[in-house]
Amino acid sequence: MIKYNLICRHEHEFEAWFSSSSDYDTQREKRLVQCPYCNSAKVEKAIMAPNVSTSRKKDKIASKQLESQKKAMAMMNAAASKVRKEIEEKCDYVGDKFADEARAIHYGEKSERAIYGEATASEAAELHDEGVGIAPLPDILAPKPSKKIN
Ligand SMILES: [Zn+2]
């Protein structure tokens, strides 16, 4: 058995089975192969073979895209690590005491300094309500302190 993808003159595509390729030829000559949609006996084999050169081209484009994505990622990572380093150098890590520290600085209980640390969403909301100037630090820009302060 052999399966052909056929196309009629109205561009209906359909599949049909034949015992052999000569069986297909004979049936077609006798106008026995008909389009199931419009009954046209004017059918041709549809070209279904993958176009190798096209798929290679696609591979090339895909790998090029991947390359530029990798480049963009590397640039972003480099920029992010620069920011991380700057934060690490200029700011004090206060760990999960961030809310307390930020509040103490805000109310003048502690001298002003740049800090960073962790706060829960509700802590951040409270600080915001109190008018404490804080900004969320995207994970990619947050330094990873080696020592955790408790
Ligand atoms: Zn048709």
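Colleague: How many helices and strands are in the protein chain, and what makes a run count as one?

Modeller: There are four helices and five strands, a helix being a DSSP run of H or I with at least four residues and a strand a run of E with at least two, numbered from the N terminus. From that end on, the order is β-β-α-β-α-β-α-β-α. Mind you, this is a predicted model: local features need pLDDT of at least 70, side-chain atom pairs count only at pLDDT 80 or more, and totals for chains, interfaces and linings use all residues. Residues are numbered from 1 along each chain as its sequence is written.

Colleague: Why is the protein chain called more spread out than a compact globule?

Modeller: The globule rule is 2.2 Å times the number of residues to the power 0.38, and the radius of gyration is taken over C-alpha atoms. For 150 residues the rule gives 15 Å, but the chain comes out at 34 Å, well over that, so it is more spread out than a compact globule. Its C-alpha atoms fill a box of roughly 100 × 30 × 25 Å along the principal axes.

Colleague: Why is Arg-103 called partly exposed?

Modeller: Buried takes 20 or more other C-beta atoms within 10 Å of a residue's own, exposed takes 12 or fewer, and partly exposed is in between, with C-beta atoms placed from the backbone. Arg-103 has 16 such neighbours, so it counts as partly exposed. This residue sits in helix α3 (residues 98-106).

Colleague: What makes helix α4 lie largely in the open?

Modeller: Of its nine residues (121-129), the number buried is zero, so helix α4 lies largely in the open.
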